[in-house]
Amino acid sequence: MLTSRKTKVFFLASICLSAASFSQAHQVSKGYEKPTDPLVVQNLEEWQDLKFGLFMHWGTYSQWGIVESWSLCPEDESWTQRKPEHGKSYGEYVKNYENLQTTFNPTEFNPQKWADAAKKAGMKYVVFTTKHHDGFAMFDTGESDYKITSSKTPFSTNPKANITKEVFNTFRKEGFKIGAYFSKPDWHSDDYWWTYFPPKDRNVNYDPKKYPERWERFKKFTFNQLNEITSQYGKIDILWLDGGWVRPFRTIDPSVEWQKTIKTEQDIDMDKIGMMARKNQPGIIIVDRTVPGKWENYVTPEQAVPEHPLSIPWESCITIGDSFSYVPNDHYKSSQKIIETLIKIISRGGNYLMNIAPGPNGDYDPVVYERLKEISEWMDKNGSAVFATRSITPYHEGDFYYTGSKDGRTINIFHIQEKANYSSPSDLSFTIPDNFKPSSVKVLGISSKVQWKKTGNTMHVQLPQERSRLKYSTVIQLKQ
């Protein structure tokens, strides 16, 4: 999906990731700079309250059911493999891939259906791929004809042809914060992958210092597209910039494998872009992934969850299936697995950005709606322990995970088992902070009173027979 597929992950030099159940991980940059703009600080605080968001990777590649963009990259990695039926040579493959524009017609596109299902499931913000590395714009850019609204694209005649606009307007109307994913590299642009030279890897295929005029054109192209997105599509809360190899050469971390491939300066002037975005959208959160400094307002571990709480804003982006892009018959995670992952993430102070990929027809697989419905049933009972909470000591002990209200008056304890089917025990004992003196104890989703006692800093809770109705977890809420 993003900038790296097989990197070791370091969290601020010392914090590890638990990635045993994940196939990929993503480098998180060091040197976080806390924003000072009061509007950005406020937006980040509100965003940290949301906890659960929807990520969507969608483009012409969905028609082939392949990885997003990466098959165009001439790196020999597992995720860049090309199918012979799509082109025998690299040149033929690229031609056929770009020709997907002429057949892309997702007539079942209905963002209201997505927003309704996501909202019921407790999702509160959306990040949509306005343009991935392949350069195909899912918005009506004036900078390129390689876009969803081009006359070359059959869907351009549809009243909802400007997909980004439709997604943003629909989700905004439902109360979601709006995030625009945008790839800094553009493999379709002749000013990034200049056709005079063959591409060698994911990076620019010429030396920007040797051909400064060409690089300046690319910088202007990127600036203009981001100006379009942040000035023509209503309120945007998050600008989520991917493609971390497009960065000032001085910011490269030589300990990171994929950053070793960056051989040339690829500075696109983030100060100019960031200031423009903030002028267009005061308070916008900017996520310049993996590039340390003032434009990486939160960090984004990919397909992984940190083992310990982080002291900075963060978000795990994790797929509902195995792939960020649509793949027929993908292996979708169970609702129990999704809930367990959410609990781990929020107990460590992060947000869970779950990726769902629409198919070529413009809709999700039916199984996705089943998962979202099951999640919504759990959220209806347990949402008060999820939203507007923060990590709290002791964070995680055994099968117990903790969150607390921001005013410190409520502690939520999640019990999970990570088995095929959750079965709530009749008795639970767990640690609470020494200075917390509960006056009431309840099990969310159960109407019966529960028996409890506090011994030192240990709580003992007896659950009634009603516990048999609990799915995925037991959530105990303590108030003082």
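Against which elements do the buried residues of α4 pack? They pack against β2 (52–56), α3, β3 (125–131) and β4 (177–183). The structure is a predicted model, in which local features need pLDDT of at least 70 and side-chain atom pairs count only at pLDDT 80 or more, while totals for chains, interfaces and linings use all residues. Residues are numbered from 1 along each chain as its sequence is written, and side-chain values use heavy atoms, with hydrogens and water left out.

Helices (H or I, at least four residues) and strands (E, at least two) are DSSP runs, numbered from the N terminus. Helix α4 spans residues 163–173. Its buried residues are I163, T164, V167, F168, T170 and F171. Buried means under 20% relative accessible area, exposed means over 50%, and partly exposed lies in between (1.4 Å probe, protein chains only). Just after α4, G175 takes a positive phi of about 90°.

Helix α3 (residues 111–120) also packs with helix α8 (residues 366–382). The angle is about 35°, and the axes are 7 Å apart. Axes are lines fitted to C-alpha atoms, for helices over the stretch in contact, and angles run from 0 to 180 degrees between N-to-C directions. On the α3 side, the contact is made by K113, W114, A117, A118 and K120. On the α8 side, Y369, L372 and S376 take part. Contact here means heavy atoms within 4.5 Å. By class, the contact of α3 with α8 has five nonpolar, one polar and two charged residues. Ala, Val, Leu, Ile, Met, Phe, Trp, Tyr, Cys and Pro count as nonpolar; Asp, Glu, Lys and Arg count as charged; the others, Gly among them, count as polar.

Further along the chain numbering come several paired strands. Two strands pair if DSSP finds at least two bridges between them. Strand β18 (residues 474–479) is mostly covered, with five of its six residues buried. Strand β13 (residues 410–415) pairs with β18 in the antiparallel sense over six bridges. In this pairing, I413 stands opposite I476. Strand β15 (residues 440–443) also pairs with β18 in the antiparallel sense, over four bridges. Here K442 has Q477 as its bridge partner.

An open sheet of three strands has the order β14-β17-β16, with antiparallel pairing. Its edge strands are β14 (427–431) and β16 (451–455), each pairing on one side only. Neighbouring strands of this sheet are turned by 15° against each other on average, direction ignored. Between β14 and β17 (residues 458–462), the antiparallel pairing runs over five bridges. T431 has T458 of β17 as its bridge partner.

A search of the whole structure finds zero disulfides. A disulfide is a pair of cysteine sulfur atoms within 2.5 Å. C73 is in no disulfide, and the nearest cysteine sulfur, that of C317, is 19 Å away. C73 counts as buried because its relative accessibility is 0%. C317 likewise counts as buried, at 0% relative accessibility.

P309 lies in the loop between β7 (305–306) and β8 (315–319). With a relative accessible area of 23%, P309 is partly exposed. The C-alpha atoms of P309 and T393 are separated by 9.8 Å, although the two residues are 84 residues apart along the chain.
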